Amino acid sequence: MRAGFGRIVAAPGEVVWGIEPYGELADGTPVGIPIIVARGREDGPTVWLCAALHGTELYGVEVVRRIMREVVDPAVLRGTILSTPAANLPAVRAALRHKNN
């Protein structure tokens, strides 16, 4: 069973961090979304953790990062955790609620 998001794929018992490209700005600068995938050694349910859908919702970014780094243990995890610590990176970088403000 494949566990991941786009090109960010974790093997059983692994946590993988990466940037999944999804487009580009008007000047051609690539834009991606940070993805963290934790895959347990055994199959099970999949859950998605999402933060910073709006660029001013910054507390969740650190919460997701800490959960994935300090709490999740892929050796005992059953299933997969997909996470996007900053779902709307252009808005986070601009510190705006929406990227088009």
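**Close-up 1. Helix α1 of the predicted model spans residues 59-71.** With 13 residues, helix α1 reaches 17 Å from its first C-alpha to its last. This length is close to the 18 Å expected at 1.5 Å a residue. The structure shown here and in the other views is a predicted model.

**Close-up 2. Helix α1 has buried and exposed residues.** Val61, Val64 and Met68 are the buried residues of α1. They lie on the same side of the helix, because they cover an arc of only 75 degrees around the axis. Tyr59, Glu70 and Val71, on the other side of α1, are exposed. The buried residues of the helix pack against three strands: β4 (30-39), β5 (42-50) and β6 (78-84).

**Close-up 3. Strands β3 and β4 form an antiparallel hairpin.** Strand β3 comprises residues 14-24 and is joined to β4 by ten bridges. Within this pairing, Glu20 stands opposite Ile33 in β4. Five residues lie between the two strands of the hairpin, in which Gly28 takes a positive phi near 95 degrees. Strand β4 is also one of the elements against which the buried residues of α1 pack.

**Close-up 4. Thr80 is a buried residue of strand β6.** The relative accessible area of Thr80 is 8%, so this residue falls in the buried class, for which the value must be under 20%. Leaving aside residues up to four places away in sequence, Thr80 touches Ala3, Val37, Ala38, Arg39, Pro45, Thr46 and Val47. Strand β6, where Thr80 is found, is also among the strands that the buried residues of α1 pack against.

Notes:
Residues numbered from 1 in each chain as written. Predicted model: local features only at pLDDT ≥ 70, side-chain atom pairs only at ≥ 80, totals over all residues. Heavy atoms only, no water. Helix = DSSP H or I, 4+ residues; strand = E, 2+ residues; numbered from the N terminus. Expected span 1.5 Å × (residues − 1). Buried < 20%, exposed > 50% of the residue type's maximum accessible area, 1.4 Å probe, protein only. Arc of directions from axis to C-beta. Contact = heavy atoms within 4.5 Å. Pairing = 2+ DSSP bridges.
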